[in-house]
Amino acid sequence: FYEKINREIFQKALTNKASIFFNEKLPSIYRNYYSFSSSDVNVFPLGVIEDEGGENNNKSTNKKIRIISVGRLVSFKTYNFWMLDVVKKLREKIDVEYHIYGNGPDYEKISRKISELNLTKVVFLKGELPYANFRSVVSSYDIFIGSGTAIIEASSLGIPSIIGVEMVEKPLSYGFVCDIPGFSYNEDGLYEKTDVFNLIISYLEKNPDQKKLISSKHIDWSSKFTMHQCVENFNDVALKSKFINFKNFNYLIYSLSFFFDSLTKKILNKSGDKYL
């Protein structure tokens, strides 16, 4: 009973401008189960960064190009592997270093590939990066590549940030995160991809003013992920959503339904049975 009521509440929220999705693909998934229009739902990202911006100091004018990744070393973050191939290819044209911050189950696997490609002098596994040091460390690099919240924070510093699309085995990306049309970027199949090696070479060939523009675009893009903007979005939803009124809603039956369902689960778990 209580699950039935939950679904009714959710359906009401979907048609009364009271629902919030933090991913642009989710509404289309939920349309397989619920009836609502695009104009009825609210779609915006969660706040990730404070309201402070940053700026890149055009470090790519230096002789040595320094690229950084920050994140867990796990199998779905495939860019940790194919970036090694990209760096090997880049070395034929430029003086480059790649620093990988993070730890995880794929640490040894990545380390072995670095050795196999003879990149031990230019690719470094740096271990964990304390969050308090993120800003000072990342801002000293020329290019960031990665996903998750780290790419948002790097962008807020004005660092040209290439999207490391999850589960993509080849060195392909949606490009610089500031150029995507929306705010979803982790999953595969969202936008057209481009070759990462060519993207980096193309960026490095730009003049200082063009690089500065790309840096500014990243700072502007990241502003949609600020805490302040997120609070404003929530306030906007609260103001425009209609009050959801359930007539004859029996709170006692709802509570009893939830209580007995929870009790049944506990009893079955203790007896070793699986609860489906």
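**Notes on the predicted model**

1. In strand E6 (residues 143–146), Ile-143 and Ile-145 point one way, while Phe-144 and Gly-146 point the other way, and all are buried. Here buried means under 20% relative accessible area, exposed means over 50%, and partly exposed lies in between (1.4 Å probe, protein chains only). Helices (H or I, at least four residues) and strands (E, at least two) are DSSP runs, numbered from the N terminus.

2. Residues are numbered from 1 along each chain as its sequence is written, and side-chain values use heavy atoms, with hydrogens and water left out.

3. Strand E6 belongs to an open sheet of 5 strands, ordered E5-E4-E3-E6-E7, with parallel pairing. Strand E5 (123–127) and strand E7 (161–163) are the edge strands, each pairing on one side only. On average, neighbouring strands of this sheet are turned by 25 degrees against each other, direction ignored. Two strands count as paired if DSSP finds at least two bridges between them. Axes are lines fitted to C-alpha atoms, for helices over the stretch in contact, and angles run from 0 to 180 degrees between N-to-C directions.

4. The individual pairings may be followed across the sheet. Strand E3 (residues 64–70) pairs with strand E4 (residues 95–101) in the parallel sense over 7 bridges, and Arg-66 has Glu-97 as its bridge partner in E4. E3 and E6 run parallel and are joined by 2 bridges; the partner of Ile-67 in E6 is Ile-143. E6 and E7, also parallel, are joined by 3 bridges, with Ile-163 in E7 as the bridge partner of Gly-146. Helix H4 (residues 107–116) lies across E4 and E5 and runs at about 160 degrees to E5.

5. Which residues touch the most other members of the largest nonpolar core? They are Ile-67, Tyr-98 and Val-138, in a core of 59 residues. Helix H3 (residues 79–90) gives the most to this core, with 8 residues. Apart from it lies another core, of 5 residues, including Leu-14 and Phe-21. A nonpolar core is a set of buried Ala, Val, Leu, Ile, Met, Phe, Trp, Tyr and Cys residues joined through side-chain atoms within 4.5 Å.

6. Ile-67 deserves a separate look. Neighbours within four places in sequence aside, Ile-67 is in contact with residues including Met-83, Leu-90, Tyr-98, Tyr-141, Ile-143 and Ile-200. Contact means heavy atoms within 4.5 Å.

7. Glu-153, found in helix H6 (residues 148–156), is buried yet has no salt bridge. The nearest side chain of opposite charge is that of Arg-135, 7.4 Å away; Lys and Arg count as positive and Asp and Glu as negative, while His and the chain ends are not counted. Residues up to four places away in sequence not being counted, Glu-153 touches Val-48, Ile-49, Tyr-131 and Phe-134.

8. The structure holds 9 salt bridges, a salt bridge being a side-chain nitrogen of Lys or Arg within 4 Å of a carboxyl oxygen of Asp or Glu. One of them joins the side chains of Glu-8 and Lys-4 (2.7 Å, N to O). Both residues lie in helix H1 (residues 2–14), 4 residues apart, about one turn of the helix.

9. Lys-17 and Asp-40 form another salt bridge, with their closest N and O atoms 3.9 Å apart. Lys-17 lies in the loop between H1 and strand E1 (20–21) and Asp-40 in the loop between helix H2 (26–30) and strand E2 (42–43), so the pair ties together parts that are 23 residues apart in sequence. Lys-17 is partly exposed at 27% relative accessible area, whereas Asp-40 is buried at 16%.

10. Asp-179 forms a salt bridge with Lys-217, the closest N and O atoms being 2.8 Å apart. This pair links distant parts of the chain, 38 residues apart: Asp-179 is in the loop between strand E8 (172–173) and strand E9 (194–195), and Lys-217 is in helix H8 (residues 208–222). Asp-179 is partly exposed at 44% relative accessible area, and Lys-217 is partly exposed at 34%.

Technical notes:
This is a predicted model: local features need pLDDT of at least 70, side-chain atom pairs count only at pLDDT 80 or more; totals for chains, interfaces and linings use all residues.
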